Amino acid sequence: MLTKLKQLLFSSLCAALLAYTTPSYAVLTIIINEGKVAGIPISIVPFAMEGVSPNEQQPADVIDADLGLSGRFETIQRSNFLSAPHDLDSVQFKDWRLIKSEALVVGKVINIGNSQYEIRFRLIDVYREKQLAGQKFVVPANKLRKAAHVISDIIYQKLTGTAGAFDTKIAYITVQGVEPDQQYLLRVADSDGWHPKTILESHQPILSPSWSPDGRRMAYVSFEKKRSMVFIQNLRTGKRVRLAEFKGLNSAPSWSPDGKKLALTLSKDGNPEIYIFDLATSNLRRLTHHTAIDTEPSWSPDGGSLIFTSGRSGKAQIYQISVTGGPAKRLTFSGSYNAGASFSPDGRTIVLITNQGNGYKVGVYSTKDRMVRELTRSRQDESPSFAPNGDMIMYATQQGGHNVLATVSIDGQVQQTLKFQGGAVREPAWSPFNLKL
């Protein structure tokens, strides 16, 4: 029987397994059911749809949802609009100043035949009365929503100075059915949950999805033979290889920044330790040597070190170790529990699950001041994952007895729930920018 400490330290494994015992039915419709704080006031006018079926997605709806979800914008309600221009020449700037809109997005979608659409948009500075950005795309009908995400990214970068992360993907786990006939699914979807694609189905749990840096492959843990095994799967072809099936625990895969190695937690030598697997040579090297449980490794952005969860201090805390080995340095000291850590893309911040006496919450550790700060108000959070631009964090949590995904801004000011109606959703992993799918 595992002790309470061991159960905490195996949060990427045990907590997920316990959560999967609840009956659930996954329906992949995301709704946003929490508010947001004020950001840059922006108006997104519905695009003119010339020769386009009314059933097609309105790009303005996608852009509005993207920018609102980010927490960096206050999207102005359309009921307040005094006019509805579709190009720069028809903009009456006073109409937008009256409703205190600082930025304006207008555009058109034109059916040019052969199932091709031309999309035009303009981002306008209302007070300076000038265009900030504009672009034209020609896309097939099934890429209309993707084009809207690209437009959102352009707007986000132009107005915030940070790259947008809307034209990216998320991976997550869902469960369908009830015991003993539950079906576990590893899925990949757009960053807002649309266009889900099932990568793997199993009657046994699937855990810990981890994207390769180029977005082409995914590592994960599968219990399909009723024991833990680590796989790597090509997301385009579906081909996969079994990387680790040693006796005992095989868990928590994490890609190195160059995509050439995986860090793993293995107990093949008796105690759960951190190992590094070289994908080119198949060389497996043990990195940690301690009587306590070491688990949940994650790479630093420069690839020079790993952070991991360990109970060597008597409680679950975060440690850092060089990839060449040597002594591990303890990073976190506050709270009874700090686990599931990973670096922000710039390496300045570490996201983790922390218990400072008020439940298990998403928190951030600053590498500068070495302090942990809580970000969320919930009490049962897990599996935090940075957006590739570092501005948002996606995580799994429980609300009203339901397993949902949620996002929180890096400053903790904006928290929103992405609720998959009627189903449990767990273990989100946000993709990198440079997807090759």
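The largest cavity holds about 120 Å³ of space. The model is predicted, and the count comes to one cavity of 30 Å³ or more. The chain contains five helices and 31 strands, and 55% of its 437 residues count as buried.

**Cavity lining**

- The lining of the largest cavity is made up of Asp-66, Leu-69, Ser-70, Tyr-156, Ala-165, Phe-166, Ser-191, Ala-387, Asn-389, Met-392, Thr-407 and Trp-430.
- By class, this lining of the largest cavity comprises seven nonpolar residues, four polar and one charged.
- Helix α3 gives the most to the lining of the largest cavity, with three residues.

- Ser-385 belongs to strand β27, which covers residues 382–386.
- Because its relative accessibility is 11%, Ser-385 counts as buried.
- A polar atom of the Ser-385 side chain lies 2.9 Å from the backbone nitrogen of Trp-430.
- Leaving out residues up to four places away in sequence, Ser-385 touches Met-392, Ile-393, Met-394, Pro-428, Ala-429 and Trp-430.
- Among these partners of Ser-385 are Met-392 and Trp-430, and both residues also line the largest cavity.

**Nonpolar cores**

- In soluble globular proteins, nonpolar side chains tend to be buried together.
- The largest nonpolar core has 27 residues, of which Ile-42, Phe-47, Ile-119, Leu-123 and Ile-155 touch the most other members.
- At least two residues of this core come from each of β2 (40–44), α3 (59–70), β5 (103–113), β6 (116–125), β7 (130–140) and α5 (144–160).
- Helix α5 gives the most to this core, with six residues.
- Not counting residues up to four places away in sequence, Ile-155 touches Ile-42, Ile-63, Leu-67, Phe-73, Val-105, Phe-121 and Leu-123.
- A second, separate core of 16 residues includes Tyr-184, Leu-200, Met-229 and Ala-429; Ala-429 is also one of the residues that Ser-385 touches.

- Most residues other than glycine have a negative phi.
- Ser-208, which is not a glycine, has a positive phi of about 55°.
- Strand β11 (residues 206–211) contains Ser-208, and the relative accessible area of Ser-208 is 12%, so this residue is buried.
- Ser-282 likewise has a positive phi, near 65°, and is a residue other than glycine.
- The position of Ser-282 is in the loop between β17 (273–278) and β18 (284–286).
- The relative accessibility of Ser-282 is 48%, so this residue counts as partly exposed.

**Contacts across the sequence**

- Among contacts in the chain between residues at least 6 apart in sequence, 46% join residues at least 24 apart.
- Ala-48 and Asp-87 are separated by 39 residues in sequence and by 9.5 Å in space, C-alpha to C-alpha.
- Ala-48 sits in strand β3, residues 48–50.
- With a relative accessible area of 13%, which is under the 20% limit, Ala-48 is buried.
- Apart from neighbours within four places in sequence, Ala-48 is in contact with His-86, Gly-107, Lys-108 and Val-109.

How values were computed: Residues numbered from 1 in each chain as written. Predicted model: local features only at pLDDT ≥ 70, side-chain atom pairs only at ≥ 80, totals over all residues. Heavy atoms only, no water. Helix = DSSP H or I, 4+ residues; strand = E, 2+ residues; numbered from the N terminus. Buried < 20%, exposed > 50% of the residue type's maximum accessible area, 1.4 Å probe, protein only. Polar contact = N/O pair within 3.5 Å; in protein donor to acceptor, adjacent residues only side chain to side chain. Contact = heavy atoms within 4.5 Å. Core = buried A, V, L, I, M, F, W, Y, C linked by side-chain atoms within 4.5 Å. 1 Å grid on protein atoms, 1.4 Å probe; cavity = no way out; pocket = protein on both sides within 12 Å on 5 of 7 lines; lining within 4 Å. Points joined across faces, edges and corners; volume = space filled by probe spheres on them. Nonpolar A, V, L, I, M, F, W, Y, C, P; charged D, E, K, R; others polar.
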